[in-house]
Amino acid sequence: MTVYETDLPGVGRKFELDHGDDGRIVVVLHHDGRREVFRRPSPEADSEKLFDLDIDEARRLATVLQGTTFETVDTDALSVPLGGSIIEWIEVSEDSDLAGETLGDAEVRAETGVSVIAVQRGAETISNPDADARIEAGDVIVGVGTREEHARLEALA
Amino acid sequence: MADLLLDAGIVVTAVAIAGAVAWRFGQSVIPAYLLVGLLIGPFGPSAGGLSLSLVEESEFIELFAELGIVFLLFFIGVEFSLEELFAEPDRILRAGGIDFVVNAGLGAVLGLALGLGPVGALFLGAVLYPSSSAVVTKSLSDLGWIADPESEAIIGTLVVEDVVAAVYLAVLAAIALGDAGGGVLLSLAESGLLLVGFVLLATLGGRLVERLFDAESDELFLLRVVGATALLSGFALQSGVSEAVAAFFVGAAISETDLKLRLERVLAPARDLFAAVFFFAVGLETDPGAVAGVAPPLAVGVLAGVLAKVGSGYLGGRAFGLDDRRSLRVGLGLTARGEFSLVVAALAAGMTGVVGDFVPAFAVGYVLVTSVLGTLLMRYSGRIERAVASRAG
């Protein structure tokens with residue numbers, strides 16, 4: 001398959017790929033990073049614009065199309081497989097009922113099923129906290145549990 | 001100082017508003033900047049004793065407009081691509097050649113017919129010849145033509161125009177500056193010599209230029225490029241050579257390096273600001289009455305000029321091997337005139353006699369009409385294509 005590349009001075013570059021019987025997919029890379037994708041059904045027809053993407057969207061779409069899709073690391077939703085259970089980081093919001101309570105009073109484990117293995121407060125980590133450990137707004141609770149259990153904790157936090 | 005700052009505020013706010021209105025109607029900003037300059041300049045119209053006139057020519061406007069010319073041409077140089085020119089020289093030079101002969105030729109004939117003399121004919125040829133890269137490429141992107149083969153013919157023609165117009169401008173500047181003092185021939189020889197220097201720099205000095213400008217931070221990069229460009233074009237002007245043409249070749253020197261993309265990113269905003277003030281200033285210096293005064297030749301010029309561009313564009317499209325419909329589009333797409341014609345107007349404004357009186361007013365009117373008309377012709381090209389096809393069929 002041939003890819004036709006043309007320089008468009010003042011605009012950017014244009015790539016064309018054969019597609020279908022005698023149609024083509026046309027991609028225009030603008031100097032400002034914008035990418036436009038067109039389809040031209042036949043050589044005589046006018047191209048129809050399908051969509052345009054910024055540079056990040058284009059990268060992501062490219063990996064999906066290549067079949068090398070992956071989850072990007074997002075610390076807000078980091079999860080690690082652990083049998084049926086997973087470890088998740090859940091932040092306690094200002095208006096959460098948990099804020100100000102100890103782990104024991106809040107009965108986190110009995111209520112949600114999640115075992116709290118650590119509480120992160122700013123740069124400090126309280127690992128293996130006991131029932132007296134107090135939870136504050138802004139803390140990040142690190143727990144082990146199934147997805148449903150985490151969902152219950154998330155609702156409380 | 002307070003006056004200058006206030007002037008700057010008024011001018012930039014005015015072009016900001018005019019630009020927003022143009023954007024809203026899918027038009028290029030160039031005619032809008034020109035119009036607002038005409039309206040609030042010293043020749044602005046007054047109604048019921050109330051004048052719209054807000055600004056006079058000032059040092060701020062003069063300096064920014066000058067930088068506008070320099071950076072417009074600098075960027076045309078940056079975007080100029082030797083590679084594109086010589087990728088398929090056959091068809092691109094054929095299309096560019098037809099374009100030059102037909103349109104510059106028509107301008108020259110019109111100039112002679114209007115009794116402007118040989119110098120006036122040269123100037124009018126330069127007003128009618130080059131299409132506006134800024135207006136045309138905006139429409140190409142807006143309408144999605146950019147994906148189709150006609151855009152290659154259109155942009156190819158624009159590339160030829162850029163380099164031919166730069167040399168053309170050098171000749172006109174030699175005449176204009178020689179007119180002001182010294183002899184034209186001497187001035188021509190000087191600019192020829194200086195241009196050879198710039199061309200050598202552009203072709204051989206790529207590596208050196210790259211090392212010179214490749215600063216780590218964008219801020220330092222911006223300062224170096226603006227500094228060097230202003231310095232070289234100022235030096236050129238001091239030696240009696242067009243600053244615009246010098247800037248073009250400085251840009252062309254940089255375009256052959258890897259810095260091109262960074263330039264587009266870092267310097268385009270500076271260019272846009274200066275260029276907006278330049279277009280405004282051309283409007284400002286133009287008396288609407290003078291434009292109205294040249295209305296009859298302007299009407300003839302627009303009619304003949306648009307037909308000539310459509311015709312030469314059509315032939316250029318055929319040279320690119322396009323079918324009839326796409327070739328017609330090439331012609332419609334190239335109709336808009338803009339920045340080059342206005343640089344010629346600014347140059348002619350410094351001339352004495354009939355050229356200095358007639359050419360600037362004519363050029364401003366010509367750009368106003370064709371830049372708007374060109375955008376509209378492209379937008380409604382479907383109807384025009386069908387009308388032409390049904391007549392031909």
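The lining of the largest cavity divides into eight nonpolar residues, no polar residues and no charged residues. The structure described here is a predicted model. One cavity of 30 Å³ or more is present in the structure, and the volume of the largest cavity is about 40 Å³. Its lining consists of B:Ala126, B:Pro130, B:Ala165, B:Tyr168, B:Leu169, B:Leu172, B:Phe340 and B:Val344. Helix H8 and helix H17 (339-349) of chain B each contribute at least two residues to this lining. H8(B) gives the largest share, with four residues.

The largest pocket has a volume of about 1,400 Å³. Its lining comprises 41 residues, and those nearest the centre of the pocket are A:Gly10, B:Ala134, B:Thr137, B:Arg271 and B:Asp272. Two or more lining residues come from each of helix H1 (2-24), helix H2 (29-40), helix H3 (59-79), H7, helix H8 (149-180) and helix H13 (260-284) of chain B. H13(B) provides the largest share of the pocket lining, 10 residues. By class, 23 residues of this lining are nonpolar, seven are polar and 11 are charged.

B:Ser132 is located in the loop that runs between helix H6 (117-128) and helix H7 (133-143) of chain B. The relative accessibility of B:Ser132 is 0%, so this residue counts as buried. Leaving aside residues up to four places away in sequence, B:Ser132 is in contact with B:Ile30, B:Ala336, B:Arg337, B:Gly338 and B:Glu339. Elsewhere in chain B, B:Gly234 is part of helix H11 (residues 218-238). B:Gly234 is partly exposed, because its relative accessible area is 33%. Between B:Gly234 and B:Ala215 there are 19 residues in sequence and 23 Å in space, taken from C-alpha to C-alpha.

In chain A, five strands make up an open sheet with the order S1-S2-S3-S4-S5, and their pairing is antiparallel. Strand S1 (3-8) and strand S5 (48-53) of chain A form the edges, each pairing on one side only. From one strand to the next, the twist averages 20°. In general, the strands of a sheet pair through backbone hydrogen bonds, in either a parallel or an antiparallel manner.

Within this sheet, strand S2 (residues 12-19) and strand S3 (residues 23-30) of chain A run antiparallel and are joined by eight bridges. A:Asp18 has A:Arg24 as its bridge partner in S3(A). Helix H1 (residues 55-66) of chain A lies across strand S4 (35-40) and S5 of chain A, and it runs at about 105° to S5(A).

Further strand pairing in chain A involves strand S8 (residues 115-121), which pairs with strand S10 (residues 140-145) in the antiparallel sense over five bridges. S8(A) is also joined by four bridges to strand S9 (residues 124-127) of chain A, again in antiparallel fashion. A:Ala118 takes part in both pairings: its bridge partner in S10(A) is A:Val142, and in S9(A) it stands opposite A:Ser127. The hairpin of S8(A) and S9(A) has two residues between the strands, and A:Gly122 there takes a positive phi near 60°.

Positive phi values also occur at residues other than glycine. Most residues other than glycine have a negative phi. A:Asn128, which is not a glycine, has a positive phi of about 50°. This residue is placed in the loop between S9 and S10 of chain A. With a relative accessibility of 67%, A:Asn128 counts as exposed. A:Glu107 likewise has a positive phi, near 50°, and is a residue other than glycine. The position of A:Glu107 is in the loop between helix H2 (103-106) and helix H3 (108-112) of chain A. A relative accessible area of 45% makes A:Glu107 partly exposed.

Notes
Residues are numbered from 1 along each chain as its sequence is written. Chains are lettered from A and ligands numbered from 1 in the order in which they are written. This is a predicted model: local features need pLDDT of at least 70, side-chain atom pairs count only at pLDDT 80 or more; totals for chains, interfaces and linings use all residues. Side-chain values use heavy atoms; hydrogens and water are left out. Buried means under 20% relative accessible area, exposed over 50%, partly exposed in between (1.4 Å probe, protein chains only). Contact means heavy atoms within 4.5 Å. Two strands pair if DSSP finds at least two bridges between them. Axes are lines fitted to C-alpha atoms, for helices over the stretch in contact, and angles run from 0 to 180 degrees between N-to-C directions. On a 1 Å grid over the protein atoms alone, a cavity is a set of points where a 1.4 Å probe fits but cannot get out, and a pocket is an open set with protein on both sides within 12 Å along at least five of seven lines; lining residues have an atom within 4 Å of a point. Grid points are joined across faces, edges and corners, and a volume is the space filled by probe spheres set on the points. Ala, Val, Leu, Ile, Met, Phe, Trp, Tyr, Cys and Pro count as nonpolar, Asp, Glu, Lys and Arg as charged, and the others, Gly among them, as polar.
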